[in-house]
Amino acid sequence: MAKEKVCLAYSGGLDTSCILAWLLEKGYEVICFMADVGQEEDFEAAKEKALKIGASKVYVEDLRKEFVEALCFPAIQCNAIYENVYLLGTSLARPVIARGQIAVAQKEGCVAVSHGCTGKGNDQVRFELAFYALQPDIKVIAPWRMPEFYNRFAGRNDLLEYAAAQGVPVYQTKAKPWSMDENLAHCSYEAGILEDPDVEAPADMWKLTVDPLDAPDKPEDFTIHFEKGLPVKLEYEGGKTVTEPLDLFLTANAIARRHGVGRIDIVENRFIGLKSRGCYETPGLTILRSAHIDLEGLVLDREIRALRDQFVTYNYSKILYNGLYFSPEREFLEESIIASQKSVNGKVRCRVYKGMFSVLGRSSETEKLYDMSESSMDEIGAFAPQDTTGFISVQAIRLKKYGNMKLERGEAL
């Protein structure tokens with residue numbers, strides 16, 4: 001009788017290697033899935049390791065282009081951010097990975113998918129909600145929420161002993177005192193010594209970016225062009241140009257990384273109700289988003305920007321963070337993002353220097369909401385100053401009434 005097939009999201013690390021061996025022990029045939037979303041990883045070595053442990057097949061799918069175009073660029077268009085600081089690097093990658101894993105599971109006729117997410121984090125929610133939206137009848141095996149698994153493997157030493165007993169190759173037994181997750185948009189660090197929110201992140205922890213103190217003493221200037229809110233061209237190093245979305249994103253990453261741009265250290269509120277301390281490096285996305293925000297100041301109507309910020313940006317970011325990407329509300333909000341960006345066309349001249357991003361100037365050949373003559377303090381232009389008197393008078397009506405009411409009550413404003 002043929003064994004039931006399971007598609008496992010595999011990283012090559014200790015946890016998913018032990019989960020692979022455990023699923024085999026349980027009698028499943030295991031198909032391993034690895035998503036290349038830009039992490040710096042030896043995929044061939046991981047593939048070889050999975051096959052040696054006993055996986056029947058290993059898929060390594062290059063999802064970088066889809067990741068940039070379908071997730072990162074819409075996030076830039078709406079200035080997505082969670083709790084005012086986190087640019088959602090981990091959250092952005094999960095829908096792409098989940099879609100790729102389900103596609104492999106369907107191709108191979110798998111009855112279940114499996115992952116190595118912990119029972120206390122956000123990723124278990126993000127992956128599983130995506131799985132169920134993409135294939136409603138799929139079975140999910142989440143070992144770190146199963147008592148038979150987490151009682152058996154209470155810590156790293158238990159996993160190491162199991163790996164040795166099962167013949168699972170372990171190339172590095174000394175773990176770093178934190179966990180990491182990397183993709184094209186960012187690298188995250190959490191757990192271990194970072195669980196104390198008052199412990200300073202070690203200098204050697206940061207993987208992607210140069211320490212701002214060690215960054216070049218000379219600033220680097222570049223120009224980002226946008227069409228309908230999307231980055232379409234990046235000019236840098238005195239004449240070099242890149243336009244293809246993936247290459248543009250990689251170039252933005254390289255510029256920001258060598259100047260130490262994009263580091264944050266925060267305590268955030270997880271979807272499941274726990275607070276978590278996380279450190280993040282988000283180099284390229286930081287400068288692309290910051291340039292986009294600046295251009296909007298020049299070309300986007302005030303009321304459209306306010307509505308987008310208050311409703312679309314906040315809710316789209318929350319949807320991404322909470323794992324609700326494959327939902328009707330996300331589809332609705334993305335249509336709103338596109339509508340809001342029709343006038344976001346132009347270019348932004350930028351500078352990075354020792355961890356800092358700044359704007360040198362911005363311009364647009366097609367959008368004319370900004371009128372230098374009207375705004376000038378040196379000429380009257382088409383705006384008549386006396387008109388402001390009536391504007392102030394109307395705005396003051398309710399404030400005068402409120403002030404009188406407070407005075408009558410003897411209350412101070």
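Strands here are DSSP runs of E with at least two residues, and helices are runs of H or I with at least four, both numbered from the N terminus. Two strands pair if DSSP finds at least two bridges between them. Within this pair, find I264: Y280 in strand 12 stands opposite.

The model is predicted, so local features need pLDDT of at least 70 and side-chain atom pairs pLDDT 80 or more, while totals for chains, interfaces and linings use all residues. Residues are numbered from 1 along each chain as its sequence is written, and side-chain values use heavy atoms, without hydrogens and water.

Next, select helix 5 (residues 123-134), where F127 and F131 lie 4 residues apart, about one turn of the helix. Why does F127 count as buried? Its relative accessibility is 8%, and buried means under 20% relative accessible area, exposed over 50%, partly exposed in between (1.4 Å probe, protein chains only). F131 is buried too, at 0%.

Last, go to R126, which lies over the face of Y321, 4.9 Å from the ring centre. R330 lies over the face of Y325, at 3.9 Å. A charge sits over a ring if NZ of Lys or CZ of Arg is within 6 Å of the ring centre and within 35 degrees of the ring normal.
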